[in-house]
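Work through the exercises below with the sequence and the model open. Each task is followed by a solution in steps.

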Amino acid sequence: MYRISKAVSLFIVSLMLFGVLSALSSCKKPEERQSVKLILSYDDENSIITGKAVYKFVNSTNEAVKAVPFNLSANAYNEKNRALRKTYDNGYLSEDSFGGIKITECLYNGKAAAYNLSDDELSLEVVTGDLFPSETAEITLGFTTTIPQAKLRLGKTENTVNLGDFYPVLCKMQSDGFYKCGYNPFGDPYYADVSDYYAEISVPSKFVVAASGFPEKTLVDGDRTTYSYSLSGGRDFAFVLSDKYNVSSVKCGEVDLYYYSQAENNKNIETVKSCFEFFCDKFGKYPHKTFSTAETDFAVGGMEYSGLTMLSDDLDEDTLLLAIVHETAHQWWHSAVGVNEVEDAYIDEGLCEYSTYLYLSENGMEKQAEEMITNAKAVYKSFFEVNKVLNGSADTVMSRRLDEFKSQNEYVAIAYGKSLIMFCELEKTTGKSKAISCLKKFYNGNEYKTVGLNELIKAFGHKEYFESYVNGKVVI
């Protein structure tokens, strides 16, 4: 018999207890996720959408919460806030058409609650009293959103109705408190946590509905139809309505792909499927059951939402290809792996540009891929040289708030152009295979999370390289 000392025995027992406790801690209940339930009705005659949003809010901080804020992006379209109109004057179809959101009801755990509207009307705070760490609460906001006559994220045109920015969005919680986005006229002024969505929308039966979520059921009641959708782990939820849509669909593995346009048997769905398969293979599995692409009257090339892309129906063939690939890539770099788009837009926009470059270069379109880099360098250098002449210097810092960019051209040069150059130049050092491997690591390690420069460096390495670009020290 092999004998051991008492001290060693105690040490072994301690190890065993530590192992048991570790096992128990690893089996602890996972953190609850926020949820949003949208019950909606669209009035086409009056161009309004009414309804309520029911939020399950989880206090994930270590401090008690006394008020819960929401972003009201729809009020960027009202008469008080005119920055959008100044930037996208071509996007408005009427000089005296405005949008906006009005709160009609506010409940906290089923009881009437007070709320405070910010001076700029772009956010509100629901008064909750002490809501302690790990506690959950139900907040209900009834609202009426007026839709402007505009070719924007929220807008009605002759052919389509775009329903982005239409409901109150729960502000993201950070270690230093809630983050209020405000609304910048260019860029994507959004920053939200993932939530589980259920959305129910009643529309006149003439409309076909493109939506972020998986279609759960459809109920026809005379001249109105109610569509119900679910979306697990989404950053946002949006719709496009049209009474002129034809729908093309195709299966891609377990995911249903839909393409909405006025054309019959639209072949662009094959492009969506091709880049969808490419990104699944290179980066990782798509997190949702469906993905919809909707062509619409739109003042810009496209806009991404979880499970849904809005694409301008006025793009030429070459530009449409780039828009499809870029916006589809956002399902990986925005929807699944989130960023603070108000402050770190260069991450998801740059990754989507680089993903487009990869897709083109590996699918027989090397010329178009090289043109992307050439154009990015030309745009960036033009911005740099012009600002150097006019101002004596150019601000080339990449990580900054949207409202710190002096113009949309500056934003595009930095967030898109310089970021694409950054990833392409890194590829020359690491090799394409290594770069793709790092992207897969970045995706799989951060799905449903929010990332910044630190997570990018953790996946790719090359700390000094990334910092020199982001801090504006590198010379291109």
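**Exercise 1: Strand β18**

Task: find the strands that pair with β18 and state the sense of each pairing.

Solution. Strand β10 (residues 161-163) is joined to β18 by 3 bridges, and the two run antiparallel. Two strands pair if DSSP finds at least two bridges between them; helices (H or I, at least four residues) and strands (E, at least two) are DSSP runs, numbered from the N terminus. In this pairing Val-161 stands opposite Leu-241. Strand β15 (residues 208-211) is likewise antiparallel to β18, with 4 bridges, and Ala-211 has Phe-239 as its bridge partner.

The model is predicted: local features need pLDDT of at least 70, side-chain atom pairs count only at pLDDT 80 or more, and totals for chains, interfaces and linings use all residues. Residues are numbered from 1 along each chain as its sequence is written, and side-chain values use heavy atoms, with hydrogens and water left out.

Task: sort the side chains of β18 (residues 239-242) by the way they point.

Solution. Phe-239 and Leu-241 point one way, Val-240 and Ser-242 the other. In a regular strand the side chains alternate between the two faces of the sheet. All four residues are buried, where buried means under 20% relative accessible area, exposed over 50% and partly exposed in between (1.4 Å probe, protein chains only).

**Exercise 2: Aromatic rings and charges**

Task: why is the pair of Phe-423 and Phe-460 classed as tilted?

Solution. Rings of Phe, Tyr and Trp (its six-membered ring) pair if their centres lie within 6.5 Å; planes under 30 degrees apart count as stacked, over 60 as edge-to-face and the rest as tilted. The whole structure holds 37 aromatic pairs. For Phe-423 and Phe-460 the centres are 6.2 Å apart and the planes are at 55°, so the pair is tilted. Phe-423 lies in helix α8 (residues 408-430) and Phe-460 in helix α10 (residues 453-460), so the pair links parts of the chain 37 residues apart. Phe-423 is buried at 2% relative accessibility, and Phe-460 is buried at 8%.

Task: which rings have a charge over them at Arg-33 and Lys-289?

Solution. The criterion is NZ of Lys or CZ of Arg within 6 Å of the ring centre and within 35 degrees of the ring normal. Arg-33 lies over Tyr-448, at 5.1 Å from the ring centre. Lys-289 has its charged end over Phe-214, 4.7 Å from the centre of that ring.

**Exercise 3: Leu-231**

Task: is Leu-231 buried or exposed, and which residues does Leu-231 contact?

Solution. Leu-231 belongs to strand β17 (residues 224-234). At 5% relative accessibility, Leu-231 counts as buried. Contact means heavy atoms within 4.5 Å. Leaving aside neighbours within four places in sequence, the contacts of Leu-231 include Ser-195, Tyr-197, Phe-237, His-288 and Ser-306.
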